[in-house]
Amino acid sequence: MSYENVIELRDLQRYYQMGAETVKALDGVDLEIKRGEYLSIVGPSGSGKTTLFNLVGGLDKPTKGSVFIDGVDISQLDAYELAWLRCRKIGYIFQSFNLIQVLTALENVSLPTVFAGTPHDEGLKKAEKLLEQVGLGERLHHRPTELSAGQQQRVAIARALANDPAIILADEPTGNLDLNTGMEIIDLLHGLNKMRGLTLVAATHDLKMIKASDRIVWMRDGVVEKVERG
Amino acid sequence: MNEEAPMRVQFTLMDAVRLGHEYIRRRLDRSLINIASIALGLSFYTTMVISDLLYSTSARLGGGQVAVESYQYWLVAVALVVSIVGITNAMLIAVYERYREIGTMKCLGALDKHIVLLFLVESFYQGLLGGLIGFVLGLASAVVITGFAAGFDIVLYAPKLSLVSIFVGSVSLATALSMVATLYPAWRASQLNPVEALRYEL
């Protein structure tokens, strides 16, 4: 089964209780994201970008409303199914890379294949191929501390691709990178989106990332302010 | 995508062992604290048990009637409790250190029980190593202590089977205590909300 809209958000709400006050981080978001689309989510900090990212990634539960991934309402999934979804369907890229510090680049990239049940050798081979694709074929056995910020983000991208997910979620992927390195990462992500047909959803401030995207969702105070074609 | 494949993530004991091994090897300093803690507590225990064995061997051979006093066993119990508390404390710090890593693992598909397994494998290793070191230290000090009272050759007359069973018993005790001490930190780690864990700045 393959739905044209790989992600659908229906009246998505997420409230936080801060003492006596209720903070409406998301206050009713409806959105459809097509397979293979490159979508940027833009807005000032506190506008709900990260909350949206977490809800779509199955890391957080909505207060009200639903997130559909491939037609499945993910709030109906149990812990096992949710873990499987995170493992196989979604690849995460973070602003601060979040690599496992004690593991080498190769081991970091092969880690998701462990959870997917891929045999050890096969997972390592796959990881090696992915690292070559992101231009780190010479850095397989380096640990994160021995890599530059841009290289670390490349490792994180390779890791996100390890189980051939349908969706890549990127939260400010260029936020910790300098201009040129950021540009390289954007090119890499854009290339993956076009060549592999991956759906790419990126929360970002970066104008260059916004320019490269198919569609731009502007958020403010927990609601979608406007949607623009890229 | 293969729709027939079960929607289940996997993480076998072998995977946990492989990963736990790397954690210990590359964060040896922290592991050493736990290993030292368990080794010290256990060496005290084995000193007492082996001394007891050697004294009774000596008595059997017609030597003087020296015995380990029962209050000394109380001290052993206290020492073991102290080492458990020390390990729990060190493992809790390890959990805080790895907040983001645990959050990341959950993003990659780890279940709560996988996180628990990972910490338990680590504590198993630490307990085993601490137990082995502790036994050697305990044996040495028991021989020295009883040696002055009953002669150093007494160890040669001690029943070998009893020594072996003390060895197995002490190492198992060390491993079990280390794992018990890690249960609470491991459970805490597994309950982490990935969203909060990823936002955490150390």
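How many helices and strands make up the secondary structure of chain A?

1. The model is predicted. In it, chain A contains 7 helices and 10 strands. Its radius of gyration is 17 Å, close to the 17 Å given by the globule rule for 230 residues, so chain A is as compact as a globular protein of that length. The C-alpha trace of chain A spans about 50 × 40 × 40 Å along its principal axes.

2. Burial and contact range in chain A may be read together. Of its 230 residues, 51% count as buried. Among contacts in chain A with a separation of 6 or more, 69% are accounted for by residues 24 or more positions apart.

3. Helix 3 (residues 105-115) and helix 4 (residues 120-133) of chain A pack with their axes 8 Å apart, at an angle of about 125°.

4. By class, the contact has 8 nonpolar, 3 polar and 2 charged residues.

5. Between the chains, 22 residues of chain A are in contact with 21 residues of chain B. On the side of chain B that touches chain A, helix 1 (13-26), helix 4 (99-107) and helix 8 (194-199) of chain B each supply at least two residues. The residues of that side comprise 11 nonpolar, 3 polar and 7 charged.

Note on methods: Residues numbered from 1 in each chain as written. Chains lettered and ligands numbered in written order. Predicted model: local features only at pLDDT ≥ 70, side-chain atom pairs only at ≥ 80, totals over all residues. Contact = placed C-beta atoms within 7 Å. Helix = DSSP H or I, 4+ residues; strand = E, 2+ residues; numbered from the N terminus. Nonpolar A, V, L, I, M, F, W, Y, C, P; charged D, E, K, R; others polar. Axes fitted to C-alpha atoms, helices over the stretch in contact; angles between N-to-C directions. Rg over C-alpha atoms; globule rule 2.2 N^0.38 Å. Buried ≥ 20, exposed ≤ 12 C-beta atoms within 10 Å, placed from the backbone.
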